[in-house]
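Student: I would like to learn how to read a few features of a structure. Please take them one at a time.

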Amino acid sequence: MYLLHLYLGQLGLIFDIVDGEYIVILDVTGVRKYIILLSALLILLVGCQGQSNEKNRKVEVYVLAAASLNNAMKQVEKEFEDAHPEIEVITSFASSGTLQRQIEQGAPADVFISASELEFDRLHQKDLINPDHTKTILSNELAFVTNKALNTNIQKPDNLTNGEINRISIGAPESVPAGKYAKETLEKLKLWKQVENKIVYAKDVQQVLSYIETGNVDAGFVYRSDAKTSSKVKIQSIIASDLHSPIMYPAGVLKNTQHPEEAKQFYEYLNHKQTMETFIDFGFKPID
């Protein structure tokens, strides 16, 4: 028996020659058509998938917010994203001074919420805030607090000169607004020089609260909204507002935002009635 495989490319056929007879064993024309069709379908599916991914991709709005807003903002984020599923809010928390420097250095930011008008105004003066979308939205109170387990009679800042008090925490005044308000209070009460050597500085108000909760310090100054969220601290007194600068929370859209429409939506949402009710629940006071 004589066997020879032969492929006629132009005809799309594969033959066997057996004892001088041509026998077609495969017609590749159909196979080729099938491969071409399959490839076209795959290209179409990949293209549709790409368009679907592009369509479903959420717009990311970066919010830089004062550390004292941490708990409240997490709730506000959730409520906003539920109402705007096409937008994802990504929030970074730190002291207002730290956030100010980050924005000046070009950190991604669409909306800024400060715990002090000073840091906000500095950015405004450098033309980094959109003047058409800024507003002071909240106020707060400064609280003098201790750990609930502390067994000593401390009811007001005047007691800080007692020998029983060894460590007092405040935020670093140069970058933490709550620390600045605390220092102003102690200076106005003429206590600063007497207690300065007892001061333990913290990077933000949340760290001050942590120091008090863990007993690393005997007392400290935080916002009323922060103290309200902790079951481990006791508010000994609320500091009179005339002892320090007004505690205000301005908010605004950054001029260099990559998503102006979405940033504006979130900024406007901060002023909604439902949002204000959330802030009230966390101890803040709305600004009418």
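**Reading the features**

Tutor: Start with helix H7 (residues 205-213), whose buried residues are Val205, Val208, Leu209 and Ile212. These four lie on the same side of H7, because they cover an arc of only 100° around the axis. The arc is that of the directions from the helix axis to the C-beta atoms. Buried means under 20% relative accessible area, exposed over 50%, and partly exposed in between, with a 1.4 Å probe and protein chains only. Helices (H or I, at least four residues) and strands (E, at least two) are DSSP runs, numbered from the N terminus. This is a predicted model, in which local features need pLDDT of at least 70 and side-chain atom pairs count only at pLDDT 80 or more, while totals for chains, interfaces and linings use all residues. Residues are numbered from 1 along each chain as its sequence is written, and side-chain values use heavy atoms, with hydrogens and water left out.

Student: What is found at the start of H7, and what just after H7?

Tutor: At the start of H7, a side-chain oxygen of aspartate 204 comes to within 3.1 Å of the backbone nitrogen of glutamine 206. Just after H7, glycine 215 has a positive phi of about 80°.

Student: Which residues other than glycine have a positive phi?

Tutor: Most residues other than glycine have a negative phi. Here aspartate 127 has a positive phi near 65°, and lysine 190 has one near 60°. Aspartate 127 sits in the loop between helix H4 (117-125) and strand S7 (129-139), and at 45% relative accessibility aspartate 127 counts as partly exposed. Lysine 190 is in the loop between helix H5 (177-188) and helix H6 (192-195), and at 69% relative accessibility lysine 190 counts as exposed.

Student: How many cavities of 30 Å³ or more are there?

Tutor: Rolling a probe the size of a water molecule over the atoms shows where empty space is left. On a 1 Å grid over the protein atoms alone, a cavity is a set of points where a 1.4 Å probe fits but cannot get out, and lining residues have an atom within 4 Å of a point. Grid points are joined across faces, edges and corners, and a volume is the space filled by probe spheres set on the points. By this rule there are two cavities of 30 Å³ or more. The largest cavity holds about 60 Å³ of space. Its lining has 13 residues, of which Ala67, Ser95, Val176, Pro177 and Val205 lie nearest its centre.

Student: Which residues line the second largest cavity?

Tutor: The second largest cavity, with about 40 Å³ of space, is lined by Ser68, Asn71, Ala72, Ser225, Asp226, Thr229, Phe282 and Phe284. Helix H2 (70-83) and helix H8 (224-228) each supply at least two residues of this lining.

Student: How many aromatic pairs does the structure hold?

Tutor: Rings of Phe, Tyr and Trp (its six-membered ring) pair if their centres lie within 6.5 Å; planes under 30 degrees apart count as stacked, over 60 as edge-to-face and the rest as tilted. The structure holds eight aromatic pairs. The rings of phenylalanine 80 and phenylalanine 266 have centres 5.1 Å apart and planes at 85°, so this pair is edge-to-face. Phenylalanine 80 lies in helix H2 and phenylalanine 266 in helix H9 (residues 260-269), so the pair ties together parts 186 residues apart in sequence. Phenylalanine 80 is buried, at 0% relative accessible area, and phenylalanine 266 is buried, at 0%. Ring pairs also link Tyr181, Tyr223, Tyr249, Phe279 and Phe284 into a cluster.

How values were computed. Polar contact = N/O pair within 3.5 Å; in protein donor to acceptor, adjacent residues only side chain to side chain. 1 Å grid on protein atoms, 1.4 Å probe; cavity = no way out; pocket = protein on both sides within 12 Å on 5 of 7 lines; lining within 4 Å.
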